[in-house]
Amino acid sequence: MMCWETLLDYGLRSLGIGERLLPRADFTFCQQVVLIGSGMIWNVYFGILALISGFLLATLVATGKASDNALLRKPAEWFVFVFRGSPLFIQFFFGYFLFLSLKQVLPAAEPFSSAWLGALVVLFLNTAAYSAEIFYGGLQSVPKGDLDAASAYGLNGWRRFRRITWPTMLRLAWPAYTNEAIFLFHATTLVFFSGFPARSQKGDALYYASYFADKTFNPFVPYPILAGYFILLTLCIIGLMGFVNARLNRHLPQAATRRPRLLPQIIR
């Protein structure tokens, strides 16, 4: 089978599109690359949705944790403490059994017992807690002079938060938040080990990598392929987050880069 035919047959298999039966013998390198890449669709799905929704919740939790009102501060502190203090792997198992119990009481909650939604909720809550702590540190680091200047210009309450506090918090917290985004996408591999089932073999990248490792008794081909995909994904995240960081800091003076003058050194 040509590599192009393999791509057409298995490129979207993790979504239930294409060839249903996995190859049983005579595995080619192309088959492993294509199928593991197909599973990466789910890892990207988990990572993107958890990151976007977690960003919104993290902003609210960080704001609540920085509040003087104990009714807002205490729930935010406990939320961060619980999800940062327990391993993500354990959270997957607790979430799975919680959703199973909920399904018995409320049949409409059945989708939460599947990986595509239940595991996504666990990742969403976990990254929201870690991101909230990062954003809280950014809120605490906002220069007091900026806030005083905003008040002098008549900016108070929501207007000051929207135009001064929140943008400054993002600029200060963005490098650390970039690391959290990378860790989140790497953490999506834990979905394979959790109790959440992959319906109809619609597994993630680690599902297919483990399949080839078990069938060939050679883990030194599929797992490096999987690592290569995540390295490429990490480079994409760094590039995208770097672009956002540059936009956040576009008003700040940038240090001029001087090209080295090689000719005088050569003459000397």
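Helix axes here are lines fitted to C-alpha atoms over the stretch in contact, and the angle between two of them runs from 0 to 180 degrees between N-to-C directions. The model on screen is a predicted one.

**Stop 1: helices α8 and α9**

Select residues 205-216, which form helix α8, together with residues 222-248, which form helix α9. The two pack at an angle of about 160°, and their axes lie 8 Å apart. Angles over 145 degrees count as roughly antiparallel, so α8 is roughly antiparallel to α9. The crossing of α8 past α9 is right-handed.

Now show side chains at the contact. On the α8 side, select A205, L206, A209, S210, F212 and A213; on the α9 side, select P222, Y223 and L226. How do the residues of this contact divide into nonpolar, polar and charged? Eight are nonpolar, one is polar and none is charged.

**Stop 2**

The next stops concern salt bridges, of which the model has four. Side chains of opposite charge can pair when their charged atoms come close.

Select K65 and E133, which form a salt bridge with their closest N and O atoms 2.5 Å apart. This pair links distant parts of the chain: K65 belongs to helix α2 (residues 29-65) and E133 to helix α5 (residues 115-140), 68 residues apart. Is K65 buried or exposed? With a relative accessible area of 14%, K65 is buried, because the cut-off for buried is under 20%. E133, at 23% relative accessibility, counts as partly exposed.

**Stop 3: helix α3**

Move to helix α3, residues 70-85, and select K74 and E77. Their side chains meet in a salt bridge, at 3.6 Å from N to O. The two residues are three apart in the helix, which means a separation of about one helical turn. Both count as partly exposed: E77 has 27% relative accessibility, and K74 has 42%.

**Stop 4: helix α6**

Finish at helix α6, residues 144-152, with K144 and D148 selected. These residues form a salt bridge whose closest N and O atoms are 3.1 Å apart. K144 and D148 are four residues apart in the helix, so about one helical turn separates them. D148 is partly exposed, with a relative accessible area of 41%, whereas K144 is exposed, at 58%.

Key:
Residues numbered from 1 in each chain as written. Predicted model: local features only at pLDDT ≥ 70, side-chain atom pairs only at ≥ 80, totals over all residues. Heavy atoms only, no water. Buried < 20%, exposed > 50% of the residue type's maximum accessible area, 1.4 Å probe, protein only. Parallel < 35°, antiparallel > 145°, perpendicular 65-115°, else oblique. Left-handed = near helix turned anticlockwise from the far one by under 90°. Contact = heavy atoms within 4.5 Å. Nonpolar A, V, L, I, M, F, W, Y, C, P; charged D, E, K, R; others polar.
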